[in-house]
Amino acid sequence: MLELAAYFTSVQLQPKHMIISLRTAMTACYKHKNLQSAQTFARRLLELAPPGQAATLARQIQQVAERNPRDEIQLDYDQVCAMNGLLL
């Protein structure tokens with residue numbers, strides 16, 4: 001499930017849909033103690049200037065992840081270019 005959420009953040013979406021995608025991936029990674037991945041999704045989410053509650057949650061996850069930046073579960077995830085579908 002974590003890989004699917006991560007890959008869904010790599011496709012080109014409208015900003016409001018990308019916010020949902022990043023928030024879902026960030027939350028899933030956080031719940032499974034993949035804090036380094038959650039921090040990456042939180043950073044990307046904050047770059048889109050999400051509404052209040054999503055931004056607050058992303059900042060909180062970033063703070064927790066900064067203290068313990070590691071992933072409990074190894075993800076089989078390579079970032080994919082949204083323009084052509086090639087691995088980065």
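In the predicted model, the largest nonpolar core comprises 17 residues, among which Leu2, Leu22, Met26, Cys29, Phe41, Leu45 and Ala58 touch the most other members. At least two residues of this core are supplied by each of helix 1 (2-8), helix 2 (15-31), helix 3 (35-47) and helix 4 (52-67), and the largest share, seven residues, comes from helix 2. In soluble globular proteins, nonpolar side chains tend to be buried together.

The packing of helix 2 against helix 4 is described by an angle of about 35°, with the two axes 11 Å apart, and helix 2 passes helix 4 in a left-handed crossing. On the side of helix 2, the contact is made by Arg23, Met26, Thr27 and Tyr30, while helix 4 contributes Gln53, Ala54, Leu57, Ala58, Ile61 and Val64. Sorted by class, the residues of this contact are seven nonpolar, two polar and one charged.

Beyond these helices, arginine 70 lies in the segment after helix 4. Arginine 70 counts as partly exposed because its relative accessibility is 44%, a value between the limits of 20% and 50%. Although arginine 70 and glutamine 36 are 34 residues apart along the chain, their C-alpha atoms are separated by 5.0 Å, and, with neighbours within four places in sequence left aside, arginine 70 is in contact with Lys33, Asn34, Leu35 and Gln36.

Technical notes
Residues are numbered from 1 along each chain as its sequence is written. This is a predicted model: local features need pLDDT of at least 70, side-chain atom pairs count only at pLDDT 80 or more; totals for chains, interfaces and linings use all residues. Side-chain values use heavy atoms; hydrogens and water are left out. A nonpolar core is a set of buried Ala, Val, Leu, Ile, Met, Phe, Trp, Tyr and Cys residues joined through side-chain atoms within 4.5 Å. Buried means under 20% relative accessible area, exposed over 50%, partly exposed in between (1.4 Å probe, protein chains only). Helices (H or I, at least four residues) and strands (E, at least two) are DSSP runs, numbered from the N terminus. Contact means heavy atoms within 4.5 Å. Axes are lines fitted to C-alpha atoms, for helices over the stretch in contact, and angles run from 0 to 180 degrees between N-to-C directions. A crossing is left-handed if the near helix is turned anticlockwise from the far one by less than a right angle, and right-handed if clockwise. Ala, Val, Leu, Ile, Met, Phe, Trp, Tyr, Cys and Pro count as nonpolar, Asp, Glu, Lys and Arg as charged, and the others, Gly among them, as polar.
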